[in-house]
Amino acid sequence: MYNDNPTINNLSNKEIDETRQGEALVLPDGAQANGKKFYIESYGCAMNFSDSEIVASILAKEGYSSSTQYKDADLILINTCSIREKAEKNVRQRLRVFDKSKDKKPGVLVGVLGCMAERLKKKFLEEEKLVDMVVGPDAYRDLPKLIKEADDGGKGVNVFLSREETYADISPVRLGSNGVNAFVSITRGCDNMCSFCVVPFTRGRERSRDPFSIIAEAQDLVNKGYREVTLLGQNVDSYKWSNPETGERVTFAKLLEMTAEVDPRLRVRFSTSHPKDLNNDVLYAIKKYHNICNYIHLPVQSGNSRILKLMNRTYDREWYLERIDKIYEVIPDCTISSDIIAGFCSETEEEHQDTLSIIEYSKYIMSYMFKYSERPGTVAAKKYADDIPEEVKARRLAEIVDLQQEMSHRSNLKDLGKTYEVLIEGDSKKSKDDFKGRNTHNKMLIFPKQEGLKPGDYVYVKVNEVNSATLIGEIVKVHESFNA
Ligand code: 5AD
Ligand code: SF4
């Protein structure tokens with residue numbers, strides 16, 4: 001999931017669901033209702049959506065209840081993304097909308113959270129007079145104090161980046177949840193310094209969360225009926241933790257196995273993998289456990305070695321191709337997806353062709369595809385000219401998108417007639433008579449409902465029809481032993 005372009009006017013229903021997380025909160029033990037409501041809107045990567053659930057938990061402890069309508073809220077929060085310029089523009093547009101709410105309801109506070117808060121810091125308060133609080137991704141524990149400061153007429157700012165904060169002890173409040181899938185964050189920050197990327201500046205140094213708190217969270221989710229977790233981090237493969245007392249080490253492969261052992265009914269996914277760190281132990285763990293999904297999101301960014309070097313990705317085309325070969329060798333039934341940037345600084349037509357050919361070679365089932373957007377403060381912004389004309393970037397992106405669509409369709413055609421184990425996630429968007437759910441490959445299947453089944457149940461679905469986005473099928477068997 002990547003959500004950086006919803007605007008108030010062209011939000012699809014799905015985007016509204018994704019951005020406006022909110023539901024009735026049950027106050028935690030010991031918390032006293034304070035009669036106030038908060039509203040939170042999230043943009044960008046899954047990590048931001050996961051962070052908003054930490055924020056909700058902190059606010060619930062303070063006695064806040066949540067609202068799905070910003071007009072009803074006393075506290076409006078926007079969890080922001082800085083990854084591309086467009087993402088930031090959308091946030092500024094939303095702030096104008098929230099400001100009107102302030103006019104109508106005096107005393108309403110507006111807070112900016114996340115990457116944009118971190119990137120712009122106090123400057124935000126000067127640029128956007130409408131904002132009362134600016135809170136960076138490592139400062140959410142400080143929110144109650146910052147709210148108080150803002151309530152007292154001041155401005156609440158905390159953009160301190162921590163080397164330790166993992167929010168390990170905070171039990172997230174699941175927002176806008178279907179009760180089946182949940183994100184579990186395992187690392188924060190990023191040490192990679194890809195030259196185009198603002199994330200190392202906005203989210204700070206990489207830290208790994210205590211594995212026992214991760215496992216406890218996964219177990220708690222199973223107990224509450226959840227059936228899928230996605231382990232989240234900017235670069236999950238570099239997860240590392242050692243027990244301060246025993247020195248025992250936990251790698252990402254080990255953590256995957258520990259999570260898979262929690263319950264055979266709990267599917268385990270993870271995102272994002274970095275090609276330089278995705279090692280064979282991870283592949284063997286996927287192969288060993290049925291409930292670790294056969295799907296890897298392995299962003300390539302570019303298919304050309306010179307561009308990869310300029311991007312500071314620390315691998316070249318050959319290295320990436322070797323990883324792809326190894327994945328298909330160890331797990332022949334694995335699917336792969338990618339992130340791709342079109343028109344990075346100085347990219348030639350031949351180098352762009354290398355990106356197209358790597359999409360074809362890797363057989364991605366899906367990609368997140370972007371035009372390069374120069375971000376202030378990054379190495380690329382300092383060292384390289386953003387010299388590919390906008391219309392060339394747009395044309396290259398269109399070629400990438402067209403090829404990816406063809407690859408997705410080709411991959412889906414191969415699924416015709418096959419039967420997959422599917423975890424039911426809810427009603428299909430188009431019809432209440434159909435369920436939607438994904439198979440191990442992270443492909444969405446749509447199929448007619450059957451009496452007695454509900455989200456969280458496992459069924460076997462035979463694929464009868466496909467398009468480039470979805471598989472359409474019918475239930476041929478129910479997974480009796482899994483569906484309690
Ligand atoms: N311009 C375009 N795309 C970017 N990404 C990160 N930074 C930029 C940028 N400056 C993309 C990368 C990354 C994904 C999350 O966003 O493909 O993997
Ligand atoms: Fe950005 Fe690279 Fe870190 Fe991903 S791995 S968050 S692209 S610096």
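Biologist: How do the residues of the shell around ligand 1 divide into nonpolar, polar and charged?
Modeller: The shell has six nonpolar, two polar and four charged residues. Bear in mind that this is a predicted model.

Biologist: Which of the 12 residues around ligand 1 come nearest?
Modeller: Those are Arg84, Phe196, Gln301, Asp339 and Ser373.

Biologist: And which strands each supply at least two residues of that shell?
Modeller: Strand 15 (335-342) and strand 16 (366-371).

Biologist: What about polar atoms facing the ligand?
Modeller: An N or O atom in the Asp339 side chain is 2.6 Å from an oxygen atom of ligand 1. For the Arg84 side chain, the distance from an N or O atom to an oxygen atom of ligand 1 is 3.1 Å. Ser373 uses its backbone: an N or O atom there lies 2.7 Å from a nitrogen atom of the ligand.

Biologist: How much of ligand 1 does the protein bury?
Modeller: 92% of the 400 Å² that ligand 1 exposes when taken alone.

Biologist: Switching to helix 8. What caps its N-terminal end?
Modeller: Asp210, with a side-chain oxygen 2.8 Å from the backbone nitrogen of Phe212.

Biologist: How far does helix 8 reach?
Modeller: Its 13 residues (211-223) reach 18 Å from first C-alpha to last, close to the 18 Å expected. Just after helix 8, Gly225 has a positive phi of about 100 degrees.

Biologist: Which residues in helix 8 are buried, and what do they pack against?
Modeller: The buried ones include Ile214, Ile215, Leu221 and Val222, and also Glu217. The packing partners of the buried residues include strand 7 (181-185), strand 10 (228-232) and helix 9 (252-260).

How values were computed
Residues numbered from 1 in each chain as written. Chains lettered and ligands numbered in written order. Predicted model: local features only at pLDDT ≥ 70, side-chain atom pairs only at ≥ 80, totals over all residues. Heavy atoms only, no water. Near = heavy atom within 4 Å. Polar contact = N/O pair within 3.5 Å; in protein donor to acceptor, adjacent residues only side chain to side chain. Areas by Shrake-Rupley, 256 points an atom, 1.4 Å probe, with all protein chains shown as cover. Helix = DSSP H or I, 4+ residues; strand = E, 2+ residues; numbered from the N terminus. Nonpolar A, V, L, I, M, F, W, Y, C, P; charged D, E, K, R; others polar. Expected span 1.5 Å × (residues − 1). Buried < 20%, exposed > 50% of the residue type's maximum accessible area, 1.4 Å probe, protein only. Contact = heavy atoms within 4.5 Å.
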